[in-house]
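Hi,

Here is the structure I promised to pass on.

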Amino acid sequence: MSPASTKASTTVDARASVTSPVSPSSPPSIAPGASHAPDAPGVPGGADSRMSPGGPGFRRMSFALFLAGVATFALLYSTQALLPLISGDLGVSAGDASWTVAAATGGLAVFVLPMSALSERYGRRTVMTASLAVAVTVGLLVPFAPSLGALVALRALQGAALAGVPASATAYLAEEVRPRALVTAIGLFVAGNSVGGMSGRVITGWVAQEWGWRVAVGVIGVLAVACAVAFRLLLPAPKHFRPGSLRPRVLLGTVRNHLANPLLRRLYAIGALFMTVFGGVYTVIGYRLAEAPFSLPQGIVGSIFLVYLVGTVAASAAGRLVGRLGRRGALYAAGGTTAAGLLLSLAGSLSLILLGLVLITGGFFAGHAVASSAVGRTATEGRAQASALYQSAYYVGSSVGSTVGALAFHSGGWAGTVGVGLVAVAGVVTVTVLGTRAARVDRCGLAPA
């Protein structure tokens, strides 16, 4: 997840840039969360013991985190494809029903930073395991919610529990995977997110068509239990983690340092803006396709989310895209692709709408993968907090997108939702342009005005 950030193409030694490759002649420094084992990088005569593609443990680690991503996104967005059914069953509007999505993503956004602090103290694997355990337990209770208020409360609790997964996973990868393989590794984790989001929506669509939305979210809860168990059995024990402090002053100081970094601030903004588009589009698309002139049944509406497979491919290919275009170039390409998809989705043809969703999904996941990996490589200390701030901004964007997108749809139809998305994409491009200018200033050796 590392959008062609902004200043990401500047020199590594100047400002922890994320675009310049690490020189083979200068081994990477050990992050504060890494151990100083004899074979750790930076130790004279030692080999880099971190994982890389083809090396020991890399496939197990990748598959384990892939499953964590599947469980996280399947649970987090389990109600999104079911909103029309929830509206009808509980007698609420699209805007009210959208809170079942916004509450989950909002809970994650609020708790991701505290959970990241726990991961600095107790370990990434421990926190991810506990988070998934609580989230899947709540997921088994969600089908029994008696009212919209109870459903929203359970979803908020579920989102708060899931907060321990994204930031801890990114920090785990930054510590356990070699820098050159980081974009690829995070891309696989993001691919798991896309598969989870897709499978959750597709499965719930068909199950709900036959047995209702409550049975559908229950099935997702059982799927998430299986993923959580497999994750814990497969994920290798960390070798480069070193416990940090839980003292509030230390945590606040780390957060302050991250927020003072202009590159990180731009990456956080980019993540939030991309997710605003995505959250709005996929919260509302079910309503559009269920209404005239399409009037599609719930199972077909849920199957629309098979488009998420495009996100799996786009996230996995993010490393190659950065290699060809650079990080800022990849961000421009992701933003342009997303905008083209939004405009195409305005057409009245179902096939053109689907093509628009393909472009929106591919652009979003590519940009998200580029941006998040840039955060992991830019932060040289407090990586969990750096990733947590990104995740917090990202899920705030999701909550804003789902809520504002639904309100825009209620007042202006699909064109209103598209308008919200285009404004967010314009923000991505603007932030990236600012990063490009900052990089030029750095290359000229001048202080920014």
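Ile-203, Trp-211, Val-215 and Val-219 make a nonpolar surface patch of about 360 Å². (Patch residues have over 30% relative accessible area and no salt bridge, and nonpolar side chains, meaning Val, Leu, Ile, Met, Phe, Trp and Tyr, are joined within 5 Å; a salt bridge is a Lys or Arg side-chain nitrogen within 4 Å of an Asp or Glu carboxyl oxygen; areas are Shrake-Rupley with a 1.4 Å probe.) Helix H9 (182-211) and helix H10 (213-234) each give two or more residues to the patch. Helices here are DSSP runs of H or I, at least four residues, numbered from the N terminus.

This is a predicted model: local features need pLDDT of at least 70 and side-chain atom pairs 80 or more, while totals for chains, interfaces and linings use all residues. Numbering runs from 1 along each chain as its sequence is written, and side-chain values use heavy atoms, without hydrogens and water.

Thr-283 is in helix H12 (residues 262-290) and is buried, at 2% relative accessible area (buried is under 20%, with a 1.4 Å probe and protein chains only). Its side chain makes a polar contact with the side chain of Gln-80 at 2.9 Å (N or O atoms within 3.5 Å, one able to donate a hydrogen and the other to accept it; residues adjacent in sequence count only if both atoms are side-chain atoms).

Cheers

Terms used: Patch = residues over 30% accessible without salt bridge, like charges linked within 9 Å, V, L, I, M, F, W, Y side chains within 5 Å. Buried < 20%, exposed > 50% of the residue type's maximum accessible area, 1.4 Å probe, protein only.
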